[in-house]
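Please read it with the structure open beside you.

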Amino acid sequence: MVTVSAGAVDRFSLQLTFVLFLSVVVVTLFMALLTAPQRDEIGEFYLGNRAMSPLRNGLAMCGDYLSAATLLGSTGLVALTGYDGLMYLGGTTVAWMLVLLLIAEPLRRAGRFTLGDTVALRMPRRQRPVRLALAVCVLVVTTLYLVAQLVGSVALLTQFTGEPGATTRTLCVAVIGTIVIVYAAIGGMPGATAIQVIKAVMLVAGVTVTAALVLHRFDWSPNALLGAAADHGGSGSRFLEPGLRYGGSVASKLDFFSLELAIVLGLAALPHVLMRLLAPRSGAVLRASVVWAVGLVGLVCLAAGVLGLGAAAVVGRDTIVGTDPRGDAAVLLLAQALGGGLLTALLSCLAFVTLLAVAAGLTLAAATSLAHDLYGEVVRKGRASQTEELTVARLAAVVIGVLGMLLALVSWGANTATLAFLAFAVAASAILPTLVYTLFWRRFTATGALLSLYGGLLLSVLLVVFSPVVSATPASFFPDADFAWFPLQNPGIVSIPAGFLLGWLGSVLSGRQQDDAYEEFEVRMLVGAEE
């Protein structure tokens, strides 16, 4: 085991990270401006270049999904909890298989710009209240995830500067948030795609090379790596057995199952991922694109697992926990041990770029829902011109970005993983039931959609408010208070089945409504409007 001093990363790494990050931002901003829509067409702003190759689409999908939590949080979880952390990474790859097999192609054939457009085909006479409910859920999910990215940028900065002051936090969030607004408001989907592709290439290359360095250090022997990780992981052989983090009690096992359920099902309902599925022009391109995305995400998760084990073996649990009890610094400490300041700076820059790219996709998804579903179809009742709607979309991107910055500053100190997992739980509890029932259940009605959307959203939030996330533990938002009657940190195991149940119940009780247009919708879903 190599000894790495606990504390902030060295000054050389900070300066080099800043130079690299600035260079990437300049290049990506130039590309975003270069590829920005030149005409006032909402289709180009919302979906971008629909003639992209499957590889580029797959890279963009991979970039949209993989956040800094994968690079920092997941590797730290593996480094501290071993087998349990590896199981968590496995859920990410399984989630993409669900998208490939169940959601991707029917949604692309039946959709236009947003999920609201898909639902409107099923419920043409009652589409406005459903679009409003969808816009609310999309706004909640994207805002939670956006705040997690912005808070994560400050948390990443602490690895270099130590605990930042109020001015430093504000400056960091303001700079990252402003760049995100520029990407989304000016570049639209073409600009967001450019940064997603660049980020995905950097992420895949960065983690693969670093994982290769780890394996090379142990003579390319997985057994040697696992043995060293167990020796220095602080738990002996238990490091490679299930239950180190999630097996202490029945509640912890249920919590892990709830978390995995939210990750696997929530991916298929994340608004920025759904938008990306609508972009390919043909079903064949979409299928190939999702296959690329599955492969790339699987490769990154495999490499992240190797990095986590490498951090435990090379750096050691004591140093990791001494630097950051949550383990987020594990991959940076590993980089420092393997390649010194240069590798540390490269991975730190990659983490910042990852935050930027995911935040840009989230901001664009929220702006699209607000401009198209809420303003264009609910407020203006479909009478808004393309120029008018495009202007609203750009203004909405600014508003969402500013809102995210303010909430990030207010919620400083919050656990970024908790915010992200809550976003997944809300998406799986509210948006996914509506999406699945819309695509595959003939008797689904607007009443069922409204109950599923609002019920899943409110139940998810309610369970989190009365969980250990908010009170009763030292890591809670209010550690001195105790009103946590719900024992789990993630509500998915309760709220996801409840969302589906509410959708079914509302549809059954409302009976067969006159606006049911499933026959026409089914033909379009199976054949496609242009195929």
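**Notes on helix packing**

1. The axes of H5 and helix H11 (residues 271–278) come within 9 Å and cross at roughly 55°, where axes are lines fitted to C-alpha atoms, for helices over the stretch in contact, and angles run from 0 to 180 degrees between N-to-C directions. That angle makes H5 oblique to H11, since angles under 35 degrees count as roughly parallel, over 145 as roughly antiparallel, 65 to 115 as roughly perpendicular and the rest as oblique. From H5, Trp96, Val99, Ile103, Ala104, Leu107 and Arg108 touch Val273, Leu274, Leu277 and Leu278 of H11 (contact means heavy atoms within 4.5 Å). By class this contact of H5 with H11 has nine nonpolar, no polar and one charged residues, with Ala, Val, Leu, Ile, Met, Phe, Trp, Tyr, Cys and Pro counted as nonpolar, Asp, Glu, Lys and Arg as charged, and the others, Gly among them, as polar.

2. The model is predicted, so local features need pLDDT of at least 70 and side-chain atom pairs count only at pLDDT 80 or more, while totals for chains, interfaces and linings use all residues. Residues are numbered from 1 along each chain as its sequence is written, and side-chain values use heavy atoms, with hydrogens and water left out. The protein averages a pLDDT of 85, and 94% of the residues score at least 70, pLDDT being the predictor's confidence in each residue, from 0 to 100. Over residues 2–8, however, pLDDT stays under 50.

3. Helix H5 (residues 83–110) also packs with helix H16 (residues 416–440), at an angle of about 25° and with the axes 12 Å apart; H5 and H16 are therefore roughly parallel to each other. Here Tyr88, Leu102, Ile103, Pro106 and Leu107 in H5 meet Phe421, Leu435, Val436, Leu439 and Phe440 in H16, and by class the contact of H5 with H16 has ten nonpolar, no polar and no charged residues.

4. Helix H8 (residues 166–217) and helix H14 (residues 330–379) have their axes 6 Å apart and pack at about 150°, and are therefore roughly antiparallel to each other. Their contact has, by class, 26 nonpolar, seven polar and two charged residues.

Definitions and conventions
Helix = DSSP H or I, 4+ residues; strand = E, 2+ residues; numbered from the N terminus.
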